[in-house]
Amino acid sequence: MSVQETAVQATALRELDSREAPLVRVRDLTVRFKGARDVFAVNGVGFDLPPGRVLGILGESGSGKSVTLKTLLRLLPENRTDIGGTVEVQGRDVLALEGRELADHRGGVVSMIFQDPMLALDPVYTIGEQIAEAVMRHEGLDASAAMKRALEMLERVRIPSPERRLKAYPHEISGGMRQRAMIALALACRPELLLADEPTTALDATVQMQILLLLRDLQKEFGMGVIFVTHDIGVAVEVCDEIAVMYAGEFVETGTVRDVIRDPKHPYTKGLLAANLHGAQKGTRLDAIPGAPPPLDTAPTSCSFAPRCAHVQDRCRAAKPPAAVLGPGRMVRCVLAEGAAAG
Amino acid sequence: MFLYALKRLIYVLPVAIGVSMVCFMLVHIAPGDPLISVLPPDASTELREQMRRAYGFDRPLPVQYLLWLMNVFQGNLGTSIATGRAVSEELSKAVGNTLMLSVMATLIGFVLGCLFGFVAGYFRDTWIDKLASFISVIGVSVPHYWLGMVLVIVFSVQLGWLPATGAGPGGSGAWVWDWEHVKFLILPAVTMSVIPMGIVSRTVRALVADILSQEFVQGLRAKGLLDTGVLRHIVKNAAPTALAVMGLQLGYLLGGSILIETVFSWPGTGFLLGQAIFQRDIPLLQGVILVLAMFFVFLNLAVDVMQSALDPRVQRS
């Protein structure tokens, strides 16, 4: 790491630290899965999330989005993962939580919506029981008060005839309604931070939009911070304030939605935007990014995108490109952005 | 729930009639003359014919079957050729004994099996899992009559703690739930419990491992449940299948205990079945087989109904 690069990163971090006390503070997060084949899933991710803001993590399958998200709840299998770096929520070190403290953190401070609610809900408990259980656990209410809260929550997520759904099992209601129930469950204990792991991917297009709008409304209503993981740029634009583009376990570009979409700096972000279906002409080929993401069985020592990049230079292959900070929260990890950062 | 039980009960009828028919036919297809055991070897042809008529063996099979079925419906299973006593009387005593033995064995096997299976599945791929799996594999593969004999040698012959054979002190007295009687039950029940223990523990291990790998377990942890809360969910998910396996095991034990009942001279249905076979006692044989088959039919019914009560997906979809 060159002296200049360290200096740039130091300014970048000072910049981040000087903002108001963040809800989430992540620094140098690394996650490695141990096994027959090691996987370096996350390689040095850092970001801040102020209270009440929505951060979208955008990236393709296997880029480490979900892993980053699950680290915030410590949901990764303990004995098979090495987690490094700092993860703080409301100033508390999440990686150091144990036992009951960890359980209080999960669902109480931070909760999560999963990709497929059919898989993420227990099939042999009713919707009401599953929501009430979380309320009883975190707020110590008795069963009937917790059930009342569950009903309230189902009303909040606009499920029709909520009394009936309370007694329904997950397989008895539609996919969209299941995801609404999942959201009701996640919000039942008023978390400060909501993690959404591709919450609309398993739904069909019309329902997707409804769920997105619902999430956006509820976020404003509850005033919570949200980290929203998706591979769909359209979805990210719809709900997020800021976007982080993730590739091979690293954030390659961050910024406000407006900056990233209007003026993408990283070739990968440009490629993603170009490969979008919106506005594409029938019969013309989509500009897909050639190649495939690198295997992550070793920690990257150079730019991970270099093999697929049209603007690749020798130094991309020699060392990791430095993080160029273009403004508050605006970062690009690419040699092409260096000039802009210096000015 | 009630409607489902009723519907299942109606389905049982044709099955029961089919089973009774098979019972009847199988016994008659089998070679051997049932009268050999009661008649002296030098009996005249006339006497032979007379006996044949007395037992109704001279009529065509369908007629015999219908007569037998009508009697069965009236609770009359005929008279044992060998002992001359009513089959129903012999059976009711034997069924009581077998029921007690198999239920006891299933309970022991189920409790131990669930325990081993649960621990093995929860601590999968650790030494605890390997130990528990080792025990259950032994349970499935050890010949239980051999195990019975070993237990008799150790606990009855060498240590003298428990009686080796019989079902109570002083021959076939009535059963009482006191230590004097219960100690006769221990060795056969433990011997018998080894098989359901092995099977239940292997099933439960696979179930728990499968449930733990499902995403909803992560969901439960994500909403902040402690280990005990997560455990409760795992148990409720595993219960329907585990109970179904237990029910079927009970069915197997009710019918398949000939070897153990013989080793321990336990006066149950298996013992009776063995006697009936060796003496070609057709009425007794038919009665025993019919009762054992009915056990199975109704056990399946009970398992189905219980499963639908526990698992919402079974009856509603």
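In the predicted model, chain B has a mean pLDDT of 82, with 92% of its residues at 70 or more; pLDDT is the predictor's confidence in each residue, from 0 to 100. Where pLDDT is low, the predicted coordinates should not be read in detail. For the complex, the predictor gives an ipTM of 0.82 and a pTM of 0.76.

Residues are numbered from 1 along each chain as its sequence is written, while chains are lettered from A and ligands numbered from 1 in the order in which they are written. Because the model is predicted, local features need pLDDT of at least 70 and side-chain atom pairs count only at pLDDT 80 or more, whereas totals for chains, interfaces and linings use all residues.

Chain B is assigned domain 1 (15–73) and domain 2 (95–316), the bounds coming from an automatic or database domain assignment. The centres of these two domains, taken over C-alpha atoms, are separated by 36 Å. Their contact involves 11 residues from domain 1 of chain B and 10 residues from domain 2 of chain B, contact requiring C-beta atoms, placed from the backbone, within 7 Å.

In chain A, Ala196(A) lies in strand 7 (residues 193–197), strands being DSSP runs of E of at least two residues, numbered from the N terminus. Ala196(A) counts as buried because it has 29 C-beta neighbours inside 10 Å, the cut-off for buried being 20 or more. Beyond four places in sequence, Ala196(A) touches Ile113(A), Leu215(A), Val226(A), Phe228(A) and Val229(A).

Definitions and conventions:
Helix = DSSP H or I, 4+ residues; strand = E, 2+ residues; numbered from the N terminus. Buried ≥ 20, exposed ≤ 12 C-beta atoms within 10 Å, placed from the backbone. Contact = placed C-beta atoms within 7 Å.
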